[in-house]
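Trainee: I'd like to learn how to read side-chain features in a model like this one. Can we go through it together?
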Amino acid sequence: MKVSEKGPVDVYVIVGDGVREHRLIETITPKFDHRKTLGIPGVALGRRETGLTGMIRMLAKLIDKGVTVRTYLALIDKEHVRGRDDVGRKLREHGFDILDVRELTSDCWILRVRRGAREVAVYVTLLGTRKSIEENLAKLIELEFGEQVEASKESIRGWLRKQGISDRELVERASKDKLAQAFPQLARALEELAKDD
(Lines give C-alpha, C1' and ligand atoms only; values in the text may rest on other atoms or scores of the structure.)
Protein backbone atom coordinates (compact mmCIF):
# COMPACT_ATOMS: atom_id res chain seq x y z
CA MET A 1 0.00 0.00 0.00
CA LYS A 2 1.04 3.55 -0.55
CA VAL A 3 -0.41 6.91 0.35
CA SER A 4 -0.99 9.25 -2.55
CA GLU A 5 -2.05 12.88 -2.58
CA LYS A 6 -3.11 12.70 -6.24
CA GLY A 7 -4.86 10.29 -8.54
CA PRO A 8 -7.40 7.57 -7.88
CA VAL A 9 -7.37 5.93 -4.46
CA ASP A 10 -8.80 2.65 -3.18
CA VAL A 11 -9.12 3.63 0.49
CA TYR A 12 -9.50 6.97 2.26
CA VAL A 13 -7.75 7.37 5.62
CA ILE A 14 -9.57 9.47 8.19
CA VAL A 15 -7.86 10.30 11.48
CA GLY A 16 -9.50 11.35 14.71
CA ASP A 17 -6.78 13.81 15.67
CA GLY A 18 -3.19 14.86 15.18
CA VAL A 19 -0.79 15.02 12.27
CA ARG A 20 1.40 12.25 13.69
CA GLU A 21 -1.08 9.64 12.42
CA HIS A 22 -0.86 11.15 8.91
CA ARG A 23 2.93 11.02 8.93
CA LEU A 24 3.12 7.49 10.26
CA ILE A 25 0.44 5.97 8.01
CA GLU A 26 2.46 7.17 5.01
CA THR A 27 5.49 5.29 6.36
CA ILE A 28 3.83 2.13 7.72
CA THR A 29 1.56 1.23 4.79
CA PRO A 30 4.26 0.48 2.16
CA LYS A 31 5.50 -2.35 4.38
CA PHE A 32 2.19 -4.21 4.11
CA ASP A 33 0.94 -4.35 0.51
CA HIS A 34 1.59 -2.49 -2.72
CA ARG A 35 -1.61 -3.03 -4.69
CA LYS A 36 -3.81 -0.47 -2.98
CA THR A 37 -3.49 3.28 -2.87
CA LEU A 38 -4.61 5.18 0.21
CA GLY A 39 -5.61 8.82 0.17
CA ILE A 40 -5.97 11.34 2.96
CA PRO A 41 -8.83 13.81 2.36
CA GLY A 42 -7.52 17.34 1.87
CA VAL A 43 -8.34 20.64 3.43
CA ALA A 44 -10.82 21.32 0.63
CA LEU A 45 -13.43 19.67 2.85
CA GLY A 46 -13.24 22.51 5.35
CA ARG A 47 -11.98 22.82 8.90
CA ARG A 48 -11.18 19.42 10.38
CA GLU A 49 -12.68 18.53 13.72
CA THR A 50 -11.02 16.06 16.05
CA GLY A 51 -12.22 13.09 18.08
CA LEU A 52 -14.85 10.52 17.18
CA THR A 53 -17.46 13.12 16.20
CA GLY A 54 -15.03 14.90 13.87
CA MET A 55 -14.01 11.62 12.26
CA ILE A 56 -17.62 10.60 11.58
CA ARG A 57 -18.53 14.07 10.29
CA MET A 58 -15.61 13.81 7.85
CA LEU A 59 -16.89 10.41 6.68
CA ALA A 60 -20.40 11.85 6.20
CA LYS A 61 -19.02 14.84 4.31
CA LEU A 62 -17.06 12.63 1.92
CA ILE A 63 -20.08 10.42 1.24
CA ASP A 64 -22.39 13.42 0.79
CA LYS A 65 -19.93 14.99 -1.69
CA GLY A 66 -20.30 11.86 -3.84
CA VAL A 67 -16.75 10.56 -3.38
CA THR A 68 -16.59 7.20 -5.17
CA VAL A 69 -14.30 5.54 -2.63
CA ARG A 70 -16.16 2.72 -0.88
CA THR A 71 -13.59 1.78 1.77
CA TYR A 72 -12.34 3.93 4.65
CA LEU A 73 -9.65 3.37 7.28
CA ALA A 74 -10.57 5.35 10.40
CA LEU A 75 -7.71 5.80 12.90
CA ILE A 76 -8.36 7.24 16.33
CA ASP A 77 -6.64 7.20 19.71
CA LYS A 78 -8.29 4.82 22.15
CA GLU A 79 -8.88 7.62 24.67
CA HIS A 80 -11.57 9.08 22.35
CA VAL A 81 -13.68 5.90 22.04
CA ARG A 82 -15.35 3.87 24.78
CA GLY A 83 -15.90 0.86 22.52
CA ARG A 84 -17.65 -0.45 19.46
CA ASP A 85 -21.08 0.58 20.79
CA ASP A 86 -19.83 4.17 21.12
CA VAL A 87 -18.84 4.16 17.43
CA GLY A 88 -22.20 2.67 16.39
CA ARG A 89 -24.17 5.21 18.42
CA LYS A 90 -22.20 8.11 16.96
CA LEU A 91 -22.66 6.79 13.40
CA ARG A 92 -26.43 6.53 13.91
CA GLU A 93 -26.51 10.08 15.33
CA HIS A 94 -25.03 11.26 12.03
CA GLY A 95 -27.51 9.46 9.77
CA PHE A 96 -25.74 6.15 9.15
CA ASP A 97 -27.40 2.74 9.22
CA ILE A 98 -25.15 -0.06 10.42
CA LEU A 99 -25.60 -3.08 8.16
CA ASP A 100 -22.89 -5.37 9.52
CA VAL A 101 -20.03 -5.40 12.04
CA ARG A 102 -17.06 -7.74 11.96
CA GLU A 103 -14.49 -7.76 14.76
CA LEU A 104 -10.89 -8.20 13.63
CA THR A 105 -9.48 -7.60 17.13
CA SER A 106 -10.97 -6.18 20.32
CA ASP A 107 -9.91 -2.69 19.08
CA CYS A 108 -10.37 -3.06 15.33
CA TRP A 109 -13.67 -3.58 13.51
CA ILE A 110 -15.05 -3.48 9.99
CA LEU A 111 -18.41 -1.75 9.86
CA ARG A 112 -20.50 -1.91 6.72
CA VAL A 113 -22.67 1.20 6.83
CA ARG A 114 -25.18 3.02 4.65
CA ARG A 115 -25.88 6.73 4.40
CA GLY A 116 -28.68 7.51 1.99
CA ALA A 117 -28.18 5.21 -1.00
CA ARG A 118 -24.41 4.79 -0.45
CA GLU A 119 -22.89 1.74 1.26
CA VAL A 120 -19.29 1.79 2.45
CA ALA A 121 -16.95 -0.28 4.60
CA VAL A 122 -15.25 1.51 7.51
CA TYR A 123 -12.24 -0.11 9.19
CA VAL A 124 -12.27 1.48 12.65
CA THR A 125 -8.87 1.10 14.30
CA LEU A 126 -8.15 2.28 17.83
CA LEU A 127 -4.54 3.33 18.43
CA GLY A 128 -2.76 2.80 21.74
CA THR A 129 -3.26 0.19 24.43
CA ARG A 130 -5.07 2.45 26.90
CA LYS A 131 -4.77 5.97 25.59
CA SER A 132 -2.93 6.98 22.42
CA ILE A 133 -0.55 6.28 19.55
CA GLU A 134 2.39 7.24 21.78
CA GLU A 135 1.93 3.85 23.50
CA ASN A 136 2.47 2.15 20.14
CA LEU A 137 5.58 4.25 19.53
CA ALA A 138 6.96 3.47 23.01
CA LYS A 139 6.53 -0.24 22.22
CA LEU A 140 8.31 0.18 18.88
CA ILE A 141 11.22 1.96 20.62
CA GLU A 142 11.44 -0.95 23.06
CA LEU A 143 11.44 -3.50 20.21
CA GLU A 144 13.95 -1.57 18.05
CA PHE A 145 16.31 -0.19 20.69
CA GLY A 146 15.57 -2.18 23.86
CA GLU A 147 14.81 1.03 25.78
CA GLN A 148 11.80 1.84 27.94
CA VAL A 149 10.26 5.25 27.22
CA GLU A 150 7.21 6.76 28.88
CA ALA A 151 4.28 6.75 26.44
CA SER A 152 3.70 10.51 26.41
CA LYS A 153 4.15 13.05 23.61
CA GLU A 154 6.88 14.85 25.55
CA SER A 155 8.87 11.70 26.42
CA ILE A 156 8.66 10.28 22.88
CA ARG A 157 9.64 13.65 21.38
CA GLY A 158 12.58 13.97 23.80
CA TRP A 159 13.81 10.43 23.11
CA LEU A 160 13.60 10.92 19.34
CA ARG A 161 15.44 14.25 19.57
CA LYS A 162 18.19 12.62 21.67
CA GLN A 163 18.59 9.91 19.00
CA GLY A 164 18.56 12.49 16.21
CA ILE A 165 15.66 10.81 14.39
CA SER A 166 12.01 11.56 13.66
CA ASP A 167 9.01 9.35 14.37
CA ARG A 168 8.88 8.71 10.61
CA GLU A 169 12.51 7.50 10.60
CA LEU A 170 11.80 5.25 13.60
CA VAL A 171 9.01 3.56 11.63
CA GLU A 172 11.04 3.42 8.38
CA ARG A 173 13.85 1.45 10.02
CA ALA A 174 11.50 -1.05 11.72
CA SER A 175 10.65 -4.39 10.11
CA LYS A 176 7.10 -5.33 9.23
CA ASP A 177 7.12 -7.88 12.10
CA LYS A 178 8.13 -5.27 14.69
CA LEU A 179 5.53 -2.84 13.36
CA ALA A 180 2.89 -5.56 13.66
CA GLN A 181 3.91 -6.11 17.30
CA ALA A 182 3.94 -2.39 18.11
CA PHE A 183 0.78 -1.50 16.14
CA PRO A 184 -1.27 -4.75 16.28
CA GLN A 185 -4.68 -3.22 15.49
CA LEU A 186 -3.39 -1.17 12.57
CA ALA A 187 -1.41 -4.13 11.22
CA ARG A 188 -4.53 -6.31 11.38
CA ALA A 189 -6.59 -3.69 9.53
CA LEU A 190 -3.92 -3.28 6.83
CA GLU A 191 -3.63 -7.04 6.34
CA GLU A 192 -7.40 -7.30 5.95
CA LEU A 193 -7.48 -4.33 3.56
CA ALA A 194 -4.81 -6.03 1.44
CA LYS A 195 -7.07 -9.08 1.06
CA ASP A 196 -10.24 -7.05 0.46
CA ASP A 197 -10.63 -6.81 -3.33
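Mentor: Arg112 has 36% relative accessibility, so it counts as partly exposed; buried means under 20% relative accessible area, exposed over 50%, and partly exposed in between (1.4 Å probe, protein chains only). Before we go on: this is a predicted model, where local features need pLDDT of at least 70, side-chain atom pairs count only at pLDDT 80 or more, and totals for chains, interfaces and linings use all residues. Residues are numbered from 1 along each chain as its sequence is written, and side-chain values use heavy atoms, leaving out hydrogens and water.

Trainee: Where does Arg112 lie, and what is it in contact with, leaving aside its neighbours within four places in sequence?

Mentor: Arg112 lies in strand β6, residues 108-115. Helices (H or I, at least four residues) and strands (E, at least two) are DSSP runs, numbered from the N terminus. Contact means heavy atoms within 4.5 Å. With those sequence neighbours set aside, the contacts of Arg112 include Asp97, Asp100 and Glu119.

Trainee: Now, how should I read a salt bridge?

Mentor: Side chains of opposite charge can pair when their charged atoms come close. The cut-off is a side-chain nitrogen of Lys or Arg within 4 Å of a carboxyl oxygen of Asp or Glu. The structure holds 18 salt bridges. Take Asp167 and Arg23, whose closest N and O atoms are 2.6 Å apart. That pair links distant parts of the chain, with Asp167 in helix α6 and Arg23 in helix α1 (residues 20-28), 144 residues apart.

Trainee: Are those two partners buried or partly exposed?

Mentor: One of each. Asp167 counts as buried because its relative accessible area is 5%, while Arg23, at 28%, is partly exposed. Both also belong to a network of salt bridges that links Arg20, Arg23, Glu134, Lys153 and Asp167.
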